[in-house]
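Trainee: Could we go through this fold together, strand by strand?
Mentor: Gladly; have a look at it and ask away.

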Amino acid sequence: FNHLSQRTGRMVFLNPETGALTSFPSVEGDVSAILSDGKGGYFVGGDFKRVGDLDQAYLVHLTPDGTPNPKWRPKLNNAVTCLALSDKTLFVGGEFSSINNKGRSKLATIDPATGKLQAWEISVDKAPTVLLHLDSTLYVGGTFSKVARSEHKYFIALDVNKGGSVAWKPQTTGPVNALAVDKGVIFAGGRFKDFAGTPRSSLAA
């Protein structure tokens with residue numbers, strides 16, 4: 001051979017200008033979500049059991065220098081699929097049914113500073129694919145059909161200041177897999193042909 005590549009694991013950080021690899025820990029497993037903590041570090045979620053030298057499953061906090069935070073240790077019993085962040089709350093979606101030995105079905109909130117589970121509790125029957133937090137609303141997309149034991153398919157907006165009550169539930173004919181916001185407008189992408197009663201092929205706003 002004439003080239004030996006660096007072993008990376010399943011997560012890499014790249015220099016945005018050059019594309020070169022930067023310092024990062026190796027992840028032993030799959031990564032589904034990476035989210036800035038707003039302070040130079042990152043939250044990483046997925047289906048893994050170890051990050052760098054730290055035995056930390058499914059959800060880890062990386063400090064600004066890229067090392068796993070050994071003091072931030074939430075205990076989940078299954079994989080994380082998506083993340084969203086507000087000032088004092090990390091929203092976590094995934095395949096789990098418990099966090100820190102307390103029941104949470106597919107959706108939960110964690111203190112981003114301490115890793116402790118918060119009281120907010122809304123159950124979802126299938127793991128969300130995407131989360132987006134804006135102001136006091138959490139937008140949730142995926143393949144689910146029930147939220148808080150009531151029928152809500154594929155996409156829902158929850159008022160996080162009112163215990164997770166439904167703020168908006170547009171009807172869509174298929175799963176929502178991607179969400180973005182620009183100037184107060186929510187963009188949704190997925191596998192649908194109709195969104196909120198209007199024909200839309202896989203992309204709506």
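This is a predicted model: local features need pLDDT of at least 70, side-chain atom pairs count only at pLDDT 80 or more; totals for chains, interfaces and linings use all residues.

Mentor: Residues are numbered from 1 along each chain as its sequence is written, and side-chain values use heavy atoms, with hydrogens and water left out.

Trainee: In which order do the four strands of the open sheet come?
Mentor: Strands are DSSP runs (E, at least two residues), numbered from the N terminus, and two of them pair if DSSP finds at least two bridges between them. The edges are β4 (80-85) and β9 (117-121), each pairing on one side only. With antiparallel pairing, the order is β4-β5-β8-β9.

Trainee: Which residue is the bridge partner of Leu83 in β5?
Mentor: β4 and β5 (residues 90-94) are antiparallel and share five bridges. Within β5, Leu83 has as its partner Val92.

Trainee: Why is strand β11 largely enclosed by the rest of the structure?
Mentor: Take buried as under 20% relative accessible area, with a 1.4 Å probe and protein chains only. Thr137, Tyr139 and Gly141 point one way from β11, while Leu138, Val140 and Gly142 point the other way. β11 (residues 137-142) is largely enclosed because the number of its six residues that are buried is six.

Trainee: Which residue of β14 stands opposite Tyr139?
Mentor: β11 pairs with β10 (residues 128-134) over six antiparallel bridges, and there Tyr139 faces Leu132. β11 also pairs with β14 (residues 155-159), antiparallel over five bridges. In β14, the residue opposite Tyr139 is Ala157.

Trainee: Which residue takes a positive phi in the hairpin of β1 and β2?
Mentor: β1 (residues 27-36) and β2 (residues 42-51) run antiparallel, joined by nine bridges, with Ser36 partnered by Tyr42. Five residues lie between the strands, and the one with a positive phi, near 80°, is Gly38.

Trainee: What is the volume of the largest pocket?
Mentor: A pocket is an open set of points on a 1 Å grid over the protein atoms alone, with protein on both sides within 12 Å along at least five of seven lines; lining residues have an atom within 4 Å of a point. Its lining includes Asp37, Lys39, His61 and Asp111. A volume is the space filled by probe spheres set on the points, and for the largest pocket that is about 220 Å³.

Note on methods. On a 1 Å grid over the protein atoms alone, a cavity is a set of points where a 1.4 Å probe fits but cannot get out, and a pocket is an open set with protein on both sides within 12 Å along at least five of seven lines; lining residues have an atom within 4 Å of a point. Buried means under 20% relative accessible area, exposed over 50%, partly exposed in between (1.4 Å probe, protein chains only).
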